[in-house]
Every structure is written in C-alpha cells, then in structure tokens.
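Hi,

Here is the structure I promised to pass on. My notes on it follow below.

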Amino acid sequence: MEHLTQLFIDAGILMLTGMVFVFAFLGLLVIFINNVLLKLANAYPDPIIQSKRPARANNAKVSQQGVSPSIVAAISSAVSQYRQQHRKK
Amino acid sequence: MEHLTQLFIDAGILMLTGMVFVFAFLGLLVIFINNVLLKLANAYPDPIIQSKRPARANNAKVSQQGVSPSIVAAISSAVSQYRQQHRKK
Amino acid sequence: MEHLTQLFIDAGILMLTGMVFVFAFLGLLVIFINNVLLKLANAYPDPIIQSKRPARANNAKVSQQGVSPSIVAAISSAVSQYRQQHRKK
Amino acid sequence: MESLNTLWMSTGLANFELGQVIMMLVGCLLLFLAIVKDFEPLLLVPMGFGAILTNIPVAGFSEAGGLLYYIYHAGIETGIFPLIIFMGVGAMTDFGALIANPKTLFLGAAAQFGIFSTLFGAIALNAIPGIEFTMKDASAIAIIGGADGPTAIFLASKLAPELLGAIAVAAYSYMALVPIIQPPIMKAFTTEEERKIEMAQLRHVTKIEKVVFPLGVLMMTIFFLPAATPLVGMFCLGNLMRECGVVDRLSGTAQNELINITTIFLGLGVGSKLSADKFLNIETLGILALGAVAFSIGTASGVLMAKLMNKVSKEKVNPLIGAAGVSAVPMAARVANKVGLEANPHNFLLMHAMGPNVAGVLGSAVAAGILLALVG
Amino acid sequence: MESLNTLWMSTGLANFELGQVIMMLVGCLLLFLAIVKDFEPLLLVPMGFGAILTNIPVAGFSEAGGLLYYIYHAGIETGIFPLIIFMGVGAMTDFGALIANPKTLFLGAAAQFGIFSTLFGAIALNAIPGIEFTMKDASAIAIIGGADGPTAIFLASKLAPELLGAIAVAAYSYMALVPIIQPPIMKAFTTEEERKIEMAQLRHVTKIEKVVFPLGVLMMTIFFLPAATPLVGMFCLGNLMRECGVVDRLSGTAQNELINITTIFLGLGVGSKLSADKFLNIETLGILALGAVAFSIGTASGVLMAKLMNKVSKEKVNPLIGAAGVSAVPMAARVANKVGLEANPHNFLLMHAMGPNVAGVLGSAVAAGILLALVG
Amino acid sequence: MESLNTLWMSTGLANFELGQVIMMLVGCLLLFLAIVKDFEPLLLVPMGFGAILTNIPVAGFSEAGGLLYYIYHAGIETGIFPLIIFMGVGAMTDFGALIANPKTLFLGAAAQFGIFSTLFGAIALNAIPGIEFTMKDASAIAIIGGADGPTAIFLASKLAPELLGAIAVAAYSYMALVPIIQPPIMKAFTTEEERKIEMAQLRHVTKIEKVVFPLGVLMMTIFFLPAATPLVGMFCLGNLMRECGVVDRLSGTAQNELINITTIFLGLGVGSKLSADKFLNIETLGILALGAVAFSIGTASGVLMAKLMNKVSKEKVNPLIGAAGVSAVPMAARVANKVGLEANPHNFLLMHAMGPNVAGVLGSAVAAGILLALVG
Ligand code: NA
Ligand code: NA
Ligand code: NA
C-alpha cells in the first residue's frame with residue numbers, strides 16, 4: 001500500500017514536471033517563431049517567381065489564335081485518358 | 001552397400017510421403033477454393049464500378065461534337081510521341 | 001630526425017612506385033581500348049535501329065493530312081502543360 | 001511409418017497451444033480492421049501478419065535464427081526502424097501552418113496532458129490484482145496518448161519491451177479510431193457558437209522560415225532535452241531535407257521507398273511481440289482501456305486549451321482545432337475540419353488544424369524525451 | 001626495390017591458383033549467358049560478377065571483413081534475402097487464373113515429382129566414386145526441380161550450404177533454358193490433337209477471393225506444414241499486400257525497389273559460393289546432370305497429369321499447360337502458349353497456363369517445407 | 001524537487017563541453033555551405049547533421065547502442081556504404097567519352113600526382129610539433145587529392161579511421177570548391193592560344209565496347225592490383241549493369257533509391273566522426289591545408305600532362321581538359337568547359353573533359369589500391 005502511495009506521488013510529480021516542461025518547451029518555440037523566424041522572413045523574403053508567367057501567357061495566346069473549344073476538349077480528354085491509363089504508378 | 005540400400009529406401013519413403021503430401025495439400029486448396037472462395041465470391045461480388053462511365057461517355061460526346069478524325073490522329077500521335085520520349089523510365 | 005628522414009625516403013619511394021603504377025595501369029587500359037575494344041566495335045557494330053522510322057513517317061503523314069498549325073500548337077501546349085504539372089516526380 | 005509420424009509431429013495441428021490460436025485470431029482481427037475497416041493499414045497489415053507468423057508452432061519465427069527474431073533485434077530493439085520512420089515522417093511534414101500561427105503550439109502542448117494523466121491511471125491499475133506496472137511500464141503505456149506510432153514504439157522498446165505488442169496495437173487502433181472517438185468529445189466540450197468560429201487566412205510562410213525551423217527545434221531539444229534528440233533529431237533531419245531544396249532526391253527516397261521498406265519490417269517486428277504469453281493477460285486489457293482514456297483526455301485538453309486561449313487573446317481560434325493537438329496526423333486535422341463543416345458549411349479548418357496537429361507530433365516527442373530522461 | 005617486390009607480391013598474377021582462374025571463367029560464362037543469351041539476367045549478372053570477385057586472390061572478398069562475407073552471412077545464411085525476394089514475388093503474382101480454374105493445382109502438384117524423383121537420382125549418384133551425397137545434400141539438389149530460384153537458395157542455404165553455388169547455377173540456368181528443354185518433352189508426350197484442345201474462357205475472379213486466398217494458403221500451411229511457413233508466409237504477405245488494395249505503396253516497394261536491392265545482394269552473395277574448392281569437383285557435374293533430369297521429369301509429370309485429368313473429367317484441359325506446373329514463372333507459361341499456338345493458331349493458352357504456373361510455385365514451396373521437416 | 005534536478009542534470013545546457021559546442025557550429029557551417037552555397041549538398045547535409053547529433057551531450061548517439069554507432073560500425077567500418085555508393089556511381093557513369101578518346105586516360109593518371117605528392121607534404125608536416133602522421137595517416141590524407149568522396153572515405157576508414165571526419169570534410173569541401181580552386185591554376189599554366197584549341201568531335205562508341213570496358217578494367221585490376229578490387233569491382237558492377245541493357249531495373253535502383261538510402265546513412269555515419277577530440281586539433285588544420293595543396297597539384301599536373309601530350313602527338317588536346325583529371329565528376333568537366341568558353345565562345349569542351357574526368361575516378365581508385373597494398 002505504502003509502495004503504491006509512493007508510486008502515485010512519483011506519478012504526480014512526473015505529470016507536473018512533464019506538463020510544465022512541455023508547455024515551457026513549446027512556448028519557447030512560439031517565442032522562437034515570433035522573434036527569430038519572422039525577422040528572418042522579413043530579411044529574406046521569398047523571391048517572386050516570374051519565370052513561369054510567360055509560358056502561361058503563351059498558352060493563352062495559342063488558345064486565342066483561333067483554336068476551337070472542341071479541339072481543346074479533345075485534347076483534355078486525350079490527356080485525361082492518358083492520365084487514367086498511367087494512374088496506377 | 002548396405003548403407004546405400006538404406007539411403008535408397010529412405011529416399012523412396014521420402015518420395016512417397018512427399019508426393020502424397022503435396023497432392024493432399026494442393027488438393028485441399030482446390031476444396032478451399034471451390035467451397036470457401038466461391039461462396040465468398042457469391043456473397044460479396046465485386047461492386048460494379050460506374051463512376052468512370054460518365055467520364056468515358058463525356059469523351060465520346062466530345063468526339064461526336066464534330067472533332068474531325070485528323071485531329072484525333074494528331075492527338076494520338078502527340079501522345080504516342082510523348083510516350084516514346086518518356087518510355088525509358 | 002633520422003626517423004623523419006626514413007619516412008621521407010619511404011614517401012618518395014611510394015610516390016615513385018605509385019605514379020609509375022598508375023601510368024602503367026591506365027596506359028595498359030589505353031592499349032586495351034585501342035586493340036580489344038576497337039576490334040570488337042568493328043566486328044559487332046551497333047545495329048541500325050530502323051523500327052522507329054515508320055512511326056515517325058506516320059506522324060509526318062498525319063501532319064500533312066491537313067492538320068492546321070494551330071492544332072499542333074494547341075497539342076504541344078497541352079503536352080507541355082501536362083509535363084509542367086508532372087515535372088515534380 | 002516413422003516418416004509419416006515425423007511429418008505429423010512437425011505439423012502445426014499436433015503442436016498448437018490455445019494461446020497461439022487466440023493470438024492468430026488477434027492477428028486476423030488486425031488484418032480485418034486494416035483491410036476492411038481501413039484502420040491504419042500501412043502498419044496493421046504487416047503487424048497483423050507478423051502476429052500470425054510469430055505464433056506458428058514449430059516454425060520458430062521469433063526464436064534465434066528466425067526471420068522475425070532478426071528483424072526485431074536488428075531494427076526495433078536498437079530503435080533504428082522507428083527512427084527511420086520518424087525521419088520519413090519529418091520529410092512528409094509541412095510546418096507552414098504551425099509557423100504561420102505559432103499559438104497553436106499551445107494546443108499541441110495541452111493535448112499531451114493525455115499522456116501524463118494516463119501515467120496516473122496506469123499506476124492506479126496496480127490496485128487490480130494481476131496487474132503490476134512499474135513506472136517504466138506506466139510511462140510506456142502513457143505514451144499511447146501521444147497518438148504517434150513511431151514515438152510509442154520507440155519509447156516502449158526502450159522502457160517496456162515486453163508490453164510493446166499491446167502498446168503498438170492500442171496506439172495504432174486508437175489512431176485509426178480518431179474519427180469515432182474524437183467528435184463526441186469535441187462536441188461535448190464546445191458550444192454550437194464556438195464550433196462556428198471562422199479563422200483568418202494564414203499568412204504566407206517563407207522558405208527560410210521553413211528551413212530554419214527544424215534547426216531551431218533541434219537546437220532547443222539539444223539545450224533542454226537531449227534525451228529526446230534521437231526522435232526529434234531524425235524528425236528534423238527529414239524535415240530539413242524536405243525544406244532545404246538541395247537534396248530533393250534524398251528527401252524523396254526518405255518519404256517513399258525508405259519509409260515503405262522500413263514500415264514493412266517495423267510492422268512484422270512489432271507483430272512478433274504479439275505472442276500469447278505477452279499479450280493474453282489482464283495487463284493488455286488495462287493497456288487498451290488506458291489508451292482510450294489517454295486519447296479522450298488528450299482531445300478534451302486540446303479543446304479546453306483553445307477555449308482558454310480565446311479567453312485571453314483577441315484573435316479567436318476555433319476550439320475544434322485543439323482536438324488535433326493529439327497528433328494522429330493528418331486524421332485528427334481532418335476530423336476537426338469535418339466537425340467544423342457540420343456546424344458551419346463555410347468553415348474550412350483543415351489548414352488551421354494542421355498547426356496543432358504537427359505541434360502534437362513535437363509535443364509527444366518531447367514528452368517521450370521527458371519520460372526517457374526521468375524514468376528511463 | 002622492396003616496395004616493388006611488395007607490390008608484385010600483392011598482384012593477382014603472382015598469387016593466382018588454377019582453380020580461381022577457372023572459376024572466374026565460369027563467372028564470365030554466367031555473365032555471357034545473362035547478357036548475350038538473356039538467361040535470367042536479373043540474378044545471373046550479379047551472381048556471375050560475385051563469382052569473379054570471390055575468386056580474386058589476395059582481395060579476400062569472402063573472408064572475414066570482406067564485402068561478400070558480410071553479404072553472405074547477413075543475408076543468405078540467415079535466409080533473409082530469399083525470403084524478401086519471395087515476398088516481392090508474391091506481390092507480383094496474380095492468382096486469378098488459379099482461382100478461376102482450381103483443378104490446375106493438381107498439375108502444379110504433379111510437376112513436383114521432378115523434385116522427389118531427383119532425390120532418388122542424387123542418392124544413386126553415390127555409386128560414382130568421389131560423389132558422396134547425404135540425404136540433406138540430395139534434398140537440396142532435388143529442389144532444383146522446383147524451378148524456383150529463391151526456394152532453391154533458401155533450402156540449399158539451410159541443408160547444404162557448401163553446394164549452394166552449384167545448386168543456384170543449375171536452378172537459374174535451367175530456368176533460363178525452359179524454352180529449350182520443355183518443348184520436345186511436351187511434344188513427345190502429347191498428340192497433335194491434344195495440343196489443339198482449346199480451353200473455355202476463365203471466369204471472373206472477385207476481389208474478395210484474391211484477398212482471402214493467400215490467407216487460406218497460409219492457414220493451411222500453418223496447420224499442416226509449419227516448416228514451409230517462412231517461404232509460404234512471406235509469399236502470402238506479399239500477395240496479400242498486392243490484393244488487399246489498402247497498402248499499395250508497400251506492395252509497390254516490395255515489387256520494385258526492395259526486390260531490386262535484394263536481388264543485387266542475393267546474386268553477389270550466391271556468387272560468393274562459387275569458389276574453386278566448392279564448385280570444381282565431380283559433384284557439381286552430378287548436380288548439373290540431376291537438375292536437367294529434374295526439369296525434364298517435372299515437365300513430363302505435369303503433362304501426363306493433365307492427360308490423366310482429361311480421362312476422368314469432362315471439362316478438358318490442354319495437356320501443354322501441365323508443363324507450366326514446374327513454375328519458372330512466367331517463362332513456362334509462355335512456352336506452353338507458344339507450343340499451343342504452333343498446333344492451333346487460335347489457341348491462346350497463356351492465361352490458362354498461369355494457373356499451373358503459380359500452383360508450381362506453391363507446390364515447390366510445400367515440397368521444400370516437407371524436405372525441411374523430414375530431412376532438415 | 002529531485003525530479004526537477006534530475007531533469008536539469010539531463011539537459012544539454014548542464015552538460016555541454018566547449019569542444020562539443022564548437023563541433024556543433026562546425027556542423028552548422030557544413031549545413032550552411034551545403035544549403036546556401038550548394039557545396040555537395042547530398043553528402044554535406046546528412047554529414048553536417050550527423051556532426052551536430054554526435055556532439056550532443058548525454059544523448060550518446062555515437063556510443064554503444066546509439067543510432068550513429070550502429071550506422072558507423074555496420075556501414076562505414078565494414079566499408080559497405082562507400083562500396084554501395086561506388087556501385088551507384090558506376091551505374092551513373094558513361095565511359096563513352098573516355099573510350100572514344102583513350103589518350104585522356106593519361107590526363108587522369110597525371111592528376112593523381114596530387115595524391116602522391118601530398119604524401120610527401122603530410123610527412124613533412126611531422127616537423128610541426130603536435131602533428132604526428134604515420135605513413136597510414138599520410139596515405140589516407142593524400143587520397144583527398146583524388147577528389148573522389150567514396151574512395152576517400154573507404155581508404156580513410158581502413159587506414160586512419162580517427163582522421164575520417166577531417167578527411168571527409170576536406171574531400172567534399174574541396175570538391176565543392178573546384179569551380180573556385182581550379183580556374184586560376186588552369187589559367188596560370190596555359191596560354192590564351194592553348195585554351196582556344198578546339199577538339200575534333202568524338203567518334204561513336206558502340207554498345208559492345210561499353211559492355212566490355214568495365215570487364216576489361218576489372219580484369220586488369222585483378223591481374224595487377226587486387227587491393228583495388230573492392231572499389232573498382234563495385235564500380236565496374238554498377239557500370240556493367242548500366243551498359244549491359246538486360247538489368248535496367250537493377251541499374252535504376254542502384255542509381256536512385258539504393259544510392260540515396262546509402263548516402264543518407266553514409267553522411268550521418270561520417271558526421272559521427274566529427275567529434276571534438278578527433279577534429280579540434282592541429283592535425284585537422286594540416287589536413288585541410290594538405291587537401292588544398294593536393295587539389296592544386298592534381299589540377300596543375302593534369303594541365304601540364306596535356307601540354308606534354310601536345311608536344312609528342314599530332315592530334316592536339318585542349319590542356320584545360322587535363323584539369324578534369326582530378327575527378328570531382330562532373331563539376332571539374334564543367335569547369336573545363338566554362339574556362340574554355342571564356343577563351344573561345346565556340347569551344348565546347350564538356351564531352352571531351354568527361355574523358356579525363358572519369359579516368360580520374362579510375363585513377364584515384366587505382367591509387368587507393370596501391371596505398372592499401374603498400375601501406376595498409
Ligand atoms: Na502527439
Ligand atoms: Na515449382
Ligand atoms: Na580522382
């Protein structure tokens with residue numbers, strides 16, 4: 001009985017220490033994000049990727065050069081069929 | 001010589017036991033298939049997959065909406081070229 | 001000091017032996033390529049792969065059967081879009 | 001004749017013990033749950049299969065020289081397999097939602113109360129005759145509340161290998177049951193109004209933040225809890241490989257082939273611990289019961305923490321995402337999203353719930369480290 | 001000067017023994033057969049290469065600390081590599097044709113007579129001076145008749161590791177020679193009429209049958225032949241992963257990267273057993289001869305069994321598919337199809353021959369289990 | 001209270017030693033170089049990470065039972081990981097350019113003077129108090145001049161494991177610095193006119209040449225330098241699998257998943273050798289200095305050899321491609337191409353430089369074999 005009481009006390013201490021520690025640790029991580037990461041984000045913002053824009057513009061242009069919707073439909077259906085056949089992998 | 005005779009007898013017994021066992025085992029498997037699996041197949045038939053039908057119907061419709069065969073040929077040739085280029089992997 | 005001198009002598013011998021050996025080894029490989037491989041290449045030339053020609057001829061034929069350039073443009077754009085989407089893997 | 005007798009004596013039928021039959025049925029049950037009910041099949045299929053193999057009489061899969069013996073001792077006893085899995089999970093994890101809304105870390109922290117309160121429960125079960133859990137056993141059981149498979153397997157293999165089978169079964173079963181266990185608890189602790197709370201769109205997170213984040217986590221773990229560094233370290237390595245952008249082929253392999261290969265063998269090896277003498281006892285029942293309690297408490301703690309945060313902070317969070325703090329990635333986040341949609345069809349919580357969800361992974365790895373440091 | 005002498009003494013030229021030279025030529029022959037003749041290249045390329053490496057003087061590939069030493073002892077002596085391969089083969093195997101026409105199991109059973117009759121032959125060879133085969137040796141040799149590489153390697157590594165090299169060479173060589181060995185035997189034992197028999201289209205096999213089948217096979221093996229469970233178990237695990245539909249990523253890895261990696265090392269490890277002292281003796285000649293006999297008897301037994309079945313059953317089978325019962329998947333099935341087409345251009349036997357073909361895999365795994373149980 | 005104290009005593013903060021902090025910074029530096037400067041990231045990311053992990057106090061990553069301990073002893077001490085990498089590199093290497101222009105082998109040979117001259121330098125450093133390099137140490141250091149990562153790791157693990165960390169750091173760092181180290185040396189030893197030399201287009205190389213080439217290299221290594229056969233043998237196996245055309249799935253796996261998996265663990269294992277006691281000493285400075293010298297001498301030797309060849313041969317080679325003889329595939333070849341384009345915008349040297357580049361790989365493997373044979 002006494003043994004069990006001791007175990008309970010140990011478990012209680014462990015629970016307390018554990019929860020305090022977990023909160024402290026993840027709390028520090030909040031501070032880390034808000035202070036270190038945010039500053040880094042401001043100092044080194046992601047470069048704006050413009051390289052792909054022209055490609056899309058091109059595509060759009062092609063569509064406007066008089067390709068009829070039925071052709072586009074045919075192509076998308078061909079591509080989707082192709083995808084279905086290759087979906088397995 | 002006597003030793004060899006004994007080995008032959010052992011080999012014969014092993015052969016007999018082995019073949020009987022193999023036939024019994026695979027025979028039981030026949031029974032298992034005919035009785036257990038067939039009943040399971042009747043109880044739980046494969047669901048009929050209808051979800052893909054509409055997609056195909058769509059494709060068919062597209063084809064009927066006046067896409068000329070030459071376009072279809074062009075597309076299939078494009079796809080097959082694409083496949084050839086990517087066949088390696 | 002004497003110890004170091006000995007090490008230097010050893011290193012010198014090692015350097016000499018090593019460089020001679022490396023040159024001899026790779027030199028033999030030159031002889032191997034010029035004599036064995038070249039003869040093999042002449043004896044067993046690569047087969048000329050003609051099997052794919054007809055396919056391309058077909059494609060060409062299709063192109064000539066009155067598929068307009070705009071369609072071809074549409075298809076290539078579809079394929080390149082498809083490739084872009086699947087580039088990741 | 002003698003040959004026939006030898007053959008008969010070598011059959012399973014002549015050597016079966018009841019416990020083995022029952023454990024094979026348990027293995028079949030795991031396969032059924034995995035295949036038909038879609039319960040965490042990636043681990044439960046090999047694990048259920050391993051449970052069947054290890055209980056085959058005569059075959060000796062788990063005795064010296066047997067396949068499962070090698071797998072267990074080389075991969076699980078050493079901790080290597082769970083750590084490789086954790087690296088792969090790291091390579092699959094996107095911390096963007098967490099970085100964009102760091103407050104959600106507190107939700108992931110709160111949900112770990114499921115772990116530590118279960119410690120108490122496990123010790124309390126010692127009152128039942130036939131159950132005798134040491135503090136190590138109790139810690140290994142409590143980690144089920146972390147809802148994180150590899151963490152549970154890693155800790156159990158270090159603290160209580162003889163309970164590993166039951167703990168893994170409980171952990172993965174409850175992870176699969178998240179869509180059933182969590183919603184009633186989530187609804188019980190929230191009002192309709194609270195569930196309708198919509199959250200602001202998350203800010204864009206830059207590449208450098210994502211690259212530095214795993215390194216920051218690692219550094220903090222090194223400073224404050226080295227015992228957690230095997231788990232956290234491999235996780236951060238995987239995540240760094242994912243985000244740094246220069247080793248995509250390593251990251252791809254860690255997320256695919258390497259984790260797949262390891263999962264097959266991890267499952268088989270864990271299954272090999274499902275032998276009758278280690279599983280068929282009252283302790284297993286206790287572990288299963290404690291696991292359910294741990295999940296429920298963790299869920300409730302996360303939800304209540306969210307409500308508490310709403311009391312003190314002006315920017316409201318939907319308390320449903322607190323439930324995702326138990327980890328069980330990405331199931332728990334999906335559940336939060338689904339329950340949110342039920343209350344408000346325009347309420348898409350998935351991305352918001354990913355924050356506490358991945359915070360829960362870190363939280364339970366930290367909790368495992370604490371238990372290793374204090375009890376191990 | 002001394003340095004030059006040390007260098008000379010460390011060259012291969014100064015240390016070659018005749019046996020090593022011959023074994024390297026054997027390795028080159030295997031590479032030639034694999035690369036130019038397309039003889040089972042996936043195994044014979046690494047195996048031929050391993051044969052060359054293991055016979056290099058001074059280098060010590062197969063001595064303690066050498067690469068092949070580690071590969072052999074960690075992967076082949078333990079049985080791990082053949083079992084992983086077998087799992088991958090299971091994940092590649094479709095039992096649909098077998099389930100649709102279960103009678104073909106008898107064809108797979110009959111073909112195992114190639115194994116058991118070879119036992120006799122191996123013992124008979126003891127009459128030749130210089131050959132001394134124990135019953136274990138004879139069993140390991142006989143399994144060549146199973147026409148199944150991993151099974152042969154697994155059994156030989158358990159029963160007669162010193163014969164492993166020759167057995168593996170024989171098994172894979174004859175598997176590659178199936179298109180040459182089988183047709184004359186098939187034609188000798190069948191009439192033109194019989195070869196023209198067309199078979200009814202196979203019924204559709206449902207998903208549940210395919211999922212339950214590997215489990216049923218496993219259960220029967222557990223009940224009746226636990227000694228076969230390592231082989232059959234891993235095979236069924238692979239097949240279950242394939243069919244269950246919920247672990248496609250594990251199944252894909254088992255069929256591709258995992259089996260590829262293992263094949264490279266299995267080949268190298270088996271090749272390391274091709275050392276002069278173990279291969280260059282009269283016993284190897286005996287093994288090669290017995291292997292050819294085993295294949296021929298297995299082929300004939302399958303064909304004759306099919307003819308016997310046609311006597312008693314109303315639904316006729318084309319006896320050619322009986323030859324596919326030796327396994328050698330899928331080569332033997334293709335050979336049956338080809339010989340069938342020669343007799344009747346509308347006779348497509350490929351799918352029908354897949355039934356006995358995969359039955360042969362099970363049959364030889366069962367036979368290996370029997371030999372392990374009774375002789376091992 | 002006691003619990004808090006235990007927890008504090010288990011933190012990193014309470015146990016840090018200065019050396020560990022410095023080594024972690026070294027690890028971070030390696031990560032920085034890899035991620036931001038793109039210095040050989042595939043190895044330096046896991047290696048830098050391993051350096052951090054191994055220096056964590058209390059965690060014991062590199063002590064018995066720790067993850068890095070297992071990785072190092074199973075994969076690096078045995079030589080298995082570098083050999084698998086080398087097989088993968090072989091499967092990635094196209095010897096076409098070398099076979100088309102075999103003279104370039106002499107360039108690859110000349111560049112090995114970087115290795116052997118560094119031997120001298122390493123011995124000379126013994127004059128500095130605090131440095132004591134044996135001939136084994138000197139050989140392991142000299143191999144840095146080979147500019148080939150797996151070769152350096154393999155040789156260092158055999159001859160001087162305690163220097164492995166510093167040697168690997170130096171080898172990979174200088175390989176990454178090739179675009180900075182080489183151009184000034186290349187320009188110093190060549191005239192503008194020489195850099196403008198255009199080379200004739202390479203002849204077509206047939207399939208049979210590419211298949212027989214690795215076998216020829218292997219045979220010559222067996223005859224003359226068996227000590228190099230582990231490295232050269234695995235390299236040739238990979239290359240044979242690539243070229244033979246019948247085992248594409250093995251070749252693909254060797255080039256992708258297998259090499260990726262091994263690279264992760266090789267990096268971690270090598271990083272585990274970056275512990276304070278083995279790295280933070282004057283010897284490391286010596287090794288870094290010698291590595292730079294070795295690279296420079298190798299580059300110059302290759303260029304000078306090309307100039308010498310132009311004196312005796314009528315078909316001129318551009319001396320810039322001699323610099324590619326140090327290996328560092330394919331970086332050194334690209335540098336040669338770039339410097340060539342600067343002198344003559346129509347001068348595309350890339351394919352021509354691939355010849356000496358892959359010759360350098362063979363050359364340094366041969367040099368490693370010589371060092372193993374004479375010193376090991
Ligand atoms: Na968790
Ligand atoms: Na068979
Ligand atoms: Na080199």
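How much area is buried between chain E and chain F, and what share of it do carbon and sulfur atoms give? About 3,100 Å², with carbon and sulfur atoms giving 83%; buried area here is the accessible area (1.4 Å probe) that two parts lose on being put together, summed over both. Ile35(E), Phe49(E) and Ile264(E) supply 19% of what chain E buries against chain F, more than any other three residues.

Before you read on: this is a predicted model, where local features need pLDDT of at least 70 and side-chain atom pairs count only at pLDDT 80 or more, while totals for chains, interfaces and linings use all residues. Residues are numbered from 1 along each chain as written, chains are lettered from A and ligands numbered from 1 in written order, and side-chain values use heavy atoms, leaving out hydrogens and water.

Back to the interface. The contact (heavy atoms within 4.5 Å) takes 40 residues from chain E and 34 residues from chain F. Between these chains there are zero salt bridges (a side-chain nitrogen of Lys or Arg within 4 Å of a carboxyl oxygen of Asp or Glu).

Then there's the sodium ion (ligand 1). Its protein donors are Gly146(D) (O), Val326(D) (O), Ser327(D) (OG), Gly360(D) (O) and Ser364(D) (OG), 2.0 to 3.1 Å away; donors are N, O and S atoms within 2.8 Å of the metal (3.2 Å for Na, K and Ca), and water is not among the atoms, so sites may look incomplete. In sequence, the donor residues are spaced G-x179-V-S-x32-G-x3-S.

Cheers
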